[in-house]
Amino acid sequence: MKEKKILYIQPIKGNEAGDAELEAFLNEHKSSSTTHVDVVSFKQAPSHLEHHFYEALVAKDILKTVRQAEIDGYDAAVIGCFYDPFLDIAKEISQGMPVTAPAEASMHIAATIANSFSIIVGRNKWIPKMHENVVRYGYRDYLASFRPLGIGVLDFQADKERTERLMREEIKKAIEQDRAEAIILGCTMEFGFFRKLQEEFALPVIDCALASLKYAEHLADLREVCGWTISKIGGFDGPAKGELKSWGVEAYYGLEGMF
């Protein structure tokens, strides 16, 4: 099987150190002989997407980066936020390259290996959007609970001991009170904690950044071996090139050469 190139998009204003740390973590867990992972972020963007206004601000950059990834020969792309921002639209503009995101990947994996899961999130603010995705993806009956830690995206990696302590407290409640059989860490910035917690609680603890990488690898394999990729005969049918050209969409929105 040929080497696969996966692009992991952090849809925020990133920095070299943060991107490199996440890239090293993902490459540590990739299919070592067949996958190459690149992590990219944006030079001008909010530093987190907790608010949907921030999410809207990065829409064009996310979609442009996904489309450019396909042009550059990547085998799959990940939109690295647990809101799964603009995932359906990314699938619509893809010409065949699989695209996934952390919530879609994590819930699919969790529902395959457990009868129920709880999602560990940062703040109550996140829950309505995430619950909407749970229902939309068809996993309402698997959801045991959301368990917020009371911290924001930028806090997870800033004080790892505190983050781990808060996670431990809420995972214990999810198991004992909510009867969760698996735990999803519901923010990509919760990366790196899963293995220690998994060993301690003796149940699957799904790192959503890692889950989206492994799922992207799987989707790339399915496309290569079986020819299974994004269906274009219905909801993911993309915009007509003639319309894009006649309306001047590429030039007006800075998308020259994208389509």
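I take two strands as paired if DSSP finds at least two bridges between them. With that in hand, I opened this predicted model.

**First sheet.** I checked strand 3 (residues 76–79) against strand 4 and found two bridges joining them, with the strands running parallel. I then looked up Ala 77, whose bridge partner in strand 4 is Val 99. Stepping back, I saw an open sheet of four strands in the order 2-1-3-4, with parallel pairing. Strand 2 (35–42) and strand 4 (99–100) each have a single partner strand, so one side of each is left without a neighbour in the sheet. I also noted helix 3 (residues 59–71), which packs on this sheet and touches strands 1, 2, 3 and 4. The direction of helix 3 makes about 165 degrees with that of strand 1 (4–13).

I followed strand 5 (residues 117–121) to strand 7 (residues 182–185) and found four bridges, running parallel; Phe 117 stands opposite Ala 182.

**Core.** Which residues touch the most other members of the largest nonpolar core? I got Phe 117, Ile 119 and Ile 183, out of 79 residues. Helix 9 (residues 208–226) gives the largest share of this core, seven residues. Last, I listed contacts of Ile 183 beyond four places in sequence, among them Ile 171, Leu 203 and Val 205.

Technical notes. Residues numbered from 1 in each chain as written. Predicted model: local features only at pLDDT ≥ 70, side-chain atom pairs only at ≥ 80, totals over all residues. Heavy atoms only, no water. Contact = heavy atoms within 4.5 Å. Axes fitted to C-alpha atoms, helices over the stretch in contact; angles between N-to-C directions. Core = buried A, V, L, I, M, F, W, Y, C linked by side-chain atoms within 4.5 Å. Buried < 20%, exposed > 50% of the residue type's maximum accessible area, 1.4 Å probe, protein only.
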